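Dear colleague,

I am passing on the structure below, together with some notes on what was found in it. Please read the notes with the structure open beside them.

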Amino acid sequence: MKIPLETYTLPNGLRVVLSEDHATPIVAVNLWYHVGSANEREGRTGFAHLFEHMLFQGSAQVGANEHFELIQRAGGTLNGSTWLDRTNYYETLPSHQLELALWLEADRMARLLPAMTQEKLDTQRDVVMNERRWSVDNQPYGTWWERLPALCFPPEHPFHHSLIGSMEDLTEASLDDVATFFRTYYTPDNAVLTIAGDVDPAEARRLVERHFGAIPRGTGRPALPDMSLPPTFGGRRREVVEDAVVAPRLFLAFRIPPAGADAWYAAYLLSAVLGSGEACRLDTALVRDQAIATSAGAYTYDLTKGSDLLVVDVTARPGTDPAALESAVEGVIDRVISEGVSAEERRRALALLETAWVTELQSAGSRADALSKFATYHDDPALLNAELARYDGVSAEEATAFARRYLVAENRATLLYVPRAEVGAEVGAGEVAA
Amino acid sequence: MSAPMAGLPPRPQPGTPRPYHFPAVHRTALPNGVKVLVVPMPRLPIVTAMTYVDAGATADPTGAEGLAVLTAASLTEGIAGYEGVRLIERFEQLGTVASVWADWEGSYARLTVLKAQLAPALEMLAEVLRAPTFPVREVERLRDIRLADLVQQLAEPRGLADERFDAFLYAPTTRYARSVGGTPKTVGGITREQIVAFHDRHYGPKTTTLILVGDLTLEAGVELATTAFGDWRHAAVRGPAAVDTTTASGRQIVLVEKPEAPQSELRVGHLGVPRLHPDYLPIVVMNGILGGFFSSRINLNLRERHAFTYGASSSFAWRRAAGPFMVGTAVKTEVTGRALEEILKEIDAMRAAPPTASELALAADYLAGVFPLRFESTAAVAGTLASAESLGIPEDFYSTYRERVRALTADQVHAAAQAHLHPDRLLVLAVGDTAAVAPMLEGMGLGPVTRVAADLDPTEGR
């Protein structure tokens, strides 16, 4: 299966990707800005995400919340999301409404600031504070989103701090910050625009030129600091958190090479051997055989800068001794190191991956987002079509060698949640050995 | 709307819409009674195979609520020769995961697989439905995990609010008062014998529908269905046609106590109507305007005007019998009372006057426009057809939906609000900080506030 695509760059630096598919009369518009929480300045944690909210508050020719209204009126869906090093905005709509989405995206890329007001900023700040309460503060285990990166990246590293941000920093954010962030990062030369689905490429080129062609290039942006880190943690890290939870939950993280590197594909295959489907090692050992856990999985953060993380995430049955959970999980990891990955395990993981891949790319929105991702991170959207072969190219021996190098004790960071009453001497309450 | 600016491209007008047709559904039946639906979608080399069995949670025996859900979950734990993880492995080696679950109306199994692996995957799926062995060790393990999941759900403010809303809305004698998966008490008592008996009673060719969607022809689909299910002989009983929807009596204001919570989870609503009610479409559009999507009144009011919340919405739960109508949101503790006032105002306003032409067009164009977006994947088409089977939705519903939604008038939508929103019958439930929230609720003059501990299950001995 091959996703058709063509790509070009406007004189102002905007990278454009077009992918034609007329199966259904719908089209996806997807815009990635290469900016995320990593680009926030000191004292402004959460700003990249707050800024994403401001992008729905109107621009020179668009009223507050009108972006949502116009797309929904056109029979489309839309949203945006903020990640550590990118922010995306996307619409999927009936294909005869393509130009509306381009007009809206172009107006806010070119002319956001005339629409910004203190009142809008105050409202969105409160909305984001409620988002924080909802997803982090009032949610069992909710703080893992910020505790795990804080544990795994050193304090001065751009991935260390909270993406949703602290209440204090959100309170400090000003309209000046909005203007500076917009002028610095929301420029055509820091963005990728993908259009996928029922679109005629010649017509799309004309519309893109019409709406984006005149937007001036940015005046430069500060480079991220050197994000490279030693290949492993070089020692155990450990944090135990008492929380209002009914069962212990363990996040066991490993530092791995950045996404896109050859070795990363071995890491990904290994994460699938450990955690994908139900016949994986973690599920079989912990949920079935030992019956100590209710769920177990493994995933990568897919970070392309400096290093990435592989995370094993296991929730115990209520009443489980947290120390027993820890040793059971580490036992599974130790076993994959000693036994190695078998040819059969590799085949199972790859078979699941291939089906999931084809299934996911049925949607125009998913194809557009994947193409924007490869264009943003690797400067080549066509890598999408080479991706399956890269997973396929990892041998069982390579996955084994990867486990023996990277899953070792000196490269493990433990974030352990325990029910409040149960924090006791045996798990070393609150101690962090970094 | 802002004025167009000199020299800039004006707001574009839409082009000519391209026609959209819901995929053609070929319906047939095997001689033994298995219904077969085949939907060719040949774009990519994959097929989704899905089954619906009329064996949902409304068929649970009293005292064993959760049995349908646990039976469905246990199906993939064993067939002759392959038990536990060995069966799971066989599916996964074919590159697929067989998902099994149950809702109020039925039990479902679904897998998506590369076309080349469809035949062996479907044969295993059929065996899972026809002759599961329910190994005692695996069944008990799944029961314990269900129990743990229920405990987790009740520890989470959102899950607790949803669960308790139904428990206080319906009379404690009804099935709908307990969640589809049962309560810790009822699930804890379920035995393997009950699972075997439930399967034997409800799973058979006459209660089963097979849906195949993807890269295959009608002929190939029927042939595969015949190989997998054609020789299945077993008498089975459908789930109950009628469901008791008696509600608890009187207007209730309930505060589920969660000391020091930074947010209150609010649930406000009452009994709705069955899915096949003739007012279904006007209700869907009315609910869309009220709280059904981002640009709805309730979300714009609570989120964008007052910044009380990250989001607020309303919904009707569509079941064979009347499910709840409910407004749900999570608001900052200090504004719980004010947020509730705004919700009540919006419900009243929906009844007081017809929606404006602009609101009606927004809701109708949104619902009609996003309709094709819902059916990009084989799994989504299969899921929609399965739920249509389980709810008895007419065959032409999907092919006529868009024009019928667009034909609705403001008066029809207004009539639906007046007939189906009942401010005098609202159940108001908050999960939040007692010390802060109780005085706000009491000060609103809605009636006496019942405070209950988070671990009090009103379906037990009320």
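The largest nonpolar core has 137 residues, where a nonpolar core is a set of buried Ala, Val, Leu, Ile, Met, Phe, Trp, Tyr and Cys residues joined through C-beta atoms within 7 Å, and a residue is buried if 20 or more other C-beta atoms, placed from the backbone, lie within 10 Å of its own. Those with the most contacts inside this core are Leu269(A), Leu270(A), Leu286(A), Val314(A), Val329(A), Ala121(B) and Leu125(B). Helix H9 of chain A (residues 262–275) gives the most to it, with 10 residues; helices (H or I, at least four residues) and strands (E, at least two) are DSSP runs, numbered from the N terminus. Apart from this core lies another, of 133 residues, which includes Leu31(A), Phe374(A), Tyr377(A) and Leu373(B).

Please bear in mind that this is a predicted model, in which local features need pLDDT of at least 70 and side-chain atom pairs count only at pLDDT 80 or more, while totals for chains, interfaces and linings use all residues. Residues are numbered from 1 along each chain as its sequence is written, and chains are lettered from A and ligands numbered from 1 in the order in which they are written.

To return to Val329(A), if its neighbours within four places in sequence are left aside, this residue is in contact (C-beta atoms, placed from the backbone, within 7 Å) with Leu250(A), Leu252(A), Leu286(A), Val312(A) and Val314(A).

In helix H5 of chain A (residues 144–152), the buried residues are Trp144(A), Pro149(A), Leu151(A) and Cys152(A). They cover an arc, taken from the directions from the helix axis to the C-beta atoms, of only 160 degrees, which puts them on the same side of H5(A). The buried residues of H5(A) pack against strands S7 (237–243), S8 (249–256), S10 (308–316) and S11 (413–419) of chain A.

Chain A also has an open sheet of 6 strands in the order S1-S2-S6-S3-S5-S4, with mixed pairing, two strands being paired if DSSP finds at least two bridges between them. Its edge strands, S1 (6–9) and S4 (77–82) of chain A, each pair on one side only. S1(A) and S2(A) (residues 15–20) pair in the antiparallel sense over 4 bridges, and Thr9(A) stands opposite Arg15(A) in S2(A).

Between the chains, 64 residues of chain B are in contact with 64 residues of chain A. On the side of chain B that touches chain A, H4(B) gives the most, with 8 residues.

Best wishes

Note on methods
Two residues are in contact if their C-beta atoms, placed from the backbone, lie within 7 Å. A residue is buried if 20 or more other C-beta atoms lie within 10 Å of its own, exposed if 12 or fewer, and partly exposed in between; C-beta atoms are placed from the backbone.
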